[in-house]
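Hi,

Here is the structure I said I would pass on. Have a look at it first, and my notes on what turned up follow below.

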Amino acid sequence: MQMNITQKQLNLKHLGYYKKKIDGIWGSGSIDATRRFQRDYGLAQDGIFGAKTEAKSIEVWKDIQAKLNNYGYGLAVDGLVGTNTINAINDFQRKNGLVVDAMVGKNTMAKLNTSVSYKCKYFEDKEFTCKCGCGTNKQKNGIKKIADDIRGHFGKPAYINSGTRCSKHNKNVGGVSNSQHLYGNAIDIEIPGVIGKTLLAYCNSIVASGRARYTYLISGSNAVHIDTGNLE
Ligand SMILES: [Zn+2]
Ligand SMILES: [Zn+2]
């Protein structure tokens with residue numbers, strides 16, 4: 001990943017570091033902003049936006065985007081500030097009584113860190129609970145939102161064949177030892193009347209958008225596995 005100068009300025013600006021015009025020209029304003037960012041995130045303060053600084057910038061913004069998605073924004077979690085991310089920050093600030101400036105400063109970050117459980121429009125929380133009857137439910141917001149999006153897209157009742165799994169149940173159903181179902185990051189979803197290939201095509205588009213990590217058609221069925229991995 002190699003961000004262009006405009007992107008570097010945008011990523012710095014919306015954390016409150018870069019105050020000048022987004023002009024794609026690397027000057028003293030960009031260097032100063034980079035130094036302050038590096039200082040706050042424990043990097044060498046050389047003012048050079050190199051690989052390490054870029055990786056940190058992406059990490060910080062991926063975290064913010066994932067947190068915004070907990071509130072239902074559906075952003076690509078790519079660590080790159082663009083129009084959608086800026087609009088989501090403004091909207092989040094407006095709805096939470098914060099200063100609407102598209103900057104993720106202390107107050108906005110604090111509000112984003114208050115944990116919320118995403119309330120599905122189409123599913124009850126218990127639909128994601130481990131199917132063995134143990135009651136385990138660690139289902140994460142990101143994948144719950146994706147379940148809603150899939151259900152909304154096809155406009156038909158959908159079934160969560162597997163959401164969270166306890167380790168015992170995961171073993172019993174032949175899940176891999178590091179299955180994302182263990183962490184509440186995955187669903188196996190099926191929609192009666194929708195063939196697996198069609199369902200998979202839509203899930204592939206969610207992966208392509210950066211909101212999920214991985215999806216596949218479960219062999220011999222019309223059900224699809226989709227997971228967010230460690231995106232959140
Ligand atoms: Zn269980
Ligand atoms: Zn699965």
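Cys120 sits in the loop that runs between α5 (106-113) and α6. Keep in mind as you read that this is a predicted model. With a relative accessibility of 7%, Cys120 falls under the 20% cut-off and so counts as buried. If you skip residues up to four places away in sequence, Cys120 touches Phe128, Lys144 and Asp148. I also checked Cys120 against Ile146: they are 26 residues apart in sequence, and their C-alpha atoms are 9.5 Å apart in space.

The crossing of α6 past α8 is right-handed. On the α6 side, the contact is made by Ile146, Asp149, Ile150, His153 and Phe154, while α8 brings Thr198, Leu199, Tyr202, Cys203 and Ile206. Sorted by type, the residues of this contact come out as 7 nonpolar, 2 polar and 1 charged.

There's another loop worth a look, the one between β2 (186-190) and α8, where you will find Val194. Is Val194 buried or exposed? Its relative accessible area is 8%, so Val194 is buried. Leaving out neighbours within four places in sequence, Val194 is in contact with Phe154, Lys156, Leu199 and Asn222. Two of those names, Phe154 and Leu199, also take part in the contact between α6 and α8. As for Val194 and Thr53, they are 141 residues apart in sequence and 45 Å apart in space, C-alpha to C-alpha.

Now for the cores. The largest nonpolar core has 25 residues, and the members that touch the most others are Leu12, Leu15, Phe37, Trp61, Ile64, Leu68 and Val104. At least two residues of this core come from each of α1 (5-13), α2 (28-40), α3 (51-70) and α4 (83-95). α3 gives the most, with 5 residues. Ile64, one of the members listed above, is in contact with Leu15, Val104, Met109 and Leu112 once neighbours within four places in sequence are set aside. Apart from this core lies another, of 23 residues, including Phe123, Ile187, Ala212 and Val224.

Cheers

How values were computed
Residues numbered from 1 in each chain as written. Chains lettered and ligands numbered in written order. Predicted model: local features only at pLDDT ≥ 70, side-chain atom pairs only at ≥ 80, totals over all residues. Heavy atoms only, no water. Left-handed = near helix turned anticlockwise from the far one by under 90°. Helix = DSSP H or I, 4+ residues; strand = E, 2+ residues; numbered from the N terminus. Contact = heavy atoms within 4.5 Å. Nonpolar A, V, L, I, M, F, W, Y, C, P; charged D, E, K, R; others polar. Core = buried A, V, L, I, M, F, W, Y, C linked by side-chain atoms within 4.5 Å. Buried < 20%, exposed > 50% of the residue type's maximum accessible area, 1.4 Å probe, protein only.
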